[in-house]
Amino acid sequence: MERQHERYYLSYPRELIREPILYHLVKKFDLVFNIRGASVSEDMGLVAVEFEGGADQIERAITWLRESGVTVEPIEKNVIE
């Protein structure tokens, strides 16, 4: 399986800030992630993250994140290199 590296912004609503979302990605989807930047307040969280895994793993993880209430947006290349 070819491993891919894809970068996304994850926006968390207030009710998910204390949830271990990235931990669940490791356990449920066996994804490797690298946090490239983060900003968390009482009202919201924003994380710039790079996922490493198979295309199907990443796609399933993104679907799960969105179903969980996380906004997922791709990061353009070279924004946070």
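This is a predicted model: local features need pLDDT of at least 70, side-chain atom pairs count only at pLDDT 80 or more; totals for chains, interfaces and linings use all residues.
Helix α1 spans residues 21–29. Four of its residues, Ile21, Leu22, Leu25 and Phe29, are buried. Seen down the axis of α1, these buried residues fall within an arc of 100 degrees, so they line one face of the helix. The buried residues of α1 pack against strands and a helix elsewhere in the chain. Their partners are β1 (4–13), β2 (32–40), β3 (44–53) and α2 (55–68). Just after α1 comes aspartate 30, with a positive phi of about 55 degrees.

Aromatic rings were examined next. A pair of aromatic rings is described by the distance of the centres and the angle of the planes. The structure contains two aromatic pairs. One is formed by tyrosine 8 and phenylalanine 51, with ring centres 5.8 Å apart. Their planes meet at 35 degrees, so this pair is tilted. Tyrosine 8 sits in strand β1 and phenylalanine 51 in strand β3. The pair thus links distant parts of the chain, 43 residues apart. Tyrosine 8 counts as buried, at 10% relative accessibility. Phenylalanine 51 is also buried, at 0%.

The rings of phenylalanine 29 and tryptophan 64 have their centres 6.1 Å apart. Their planes lie at 55 degrees, so this pair too is tilted. Phenylalanine 29 belongs to helix α1 and tryptophan 64 to helix α2, so the pair ties together parts that are 35 residues apart in sequence. Phenylalanine 29 has a relative accessible area of 10% and is buried. Tryptophan 64, at 18% relative accessibility, counts as buried because the cut-off is under 20%.

Definitions and conventions. Residues are numbered from 1 along each chain as its sequence is written. Side-chain values use heavy atoms; hydrogens and water are left out. Buried means under 20% relative accessible area, exposed over 50%, partly exposed in between (1.4 Å probe, protein chains only). Helices (H or I, at least four residues) and strands (E, at least two) are DSSP runs, numbered from the N terminus. The arc is that of the directions from the helix axis to the C-beta atoms. Contact means heavy atoms within 4.5 Å. Rings of Phe, Tyr and Trp (its six-membered ring) pair if their centres lie within 6.5 Å; planes under 30 degrees apart count as stacked, over 60 as edge-to-face and the rest as tilted.
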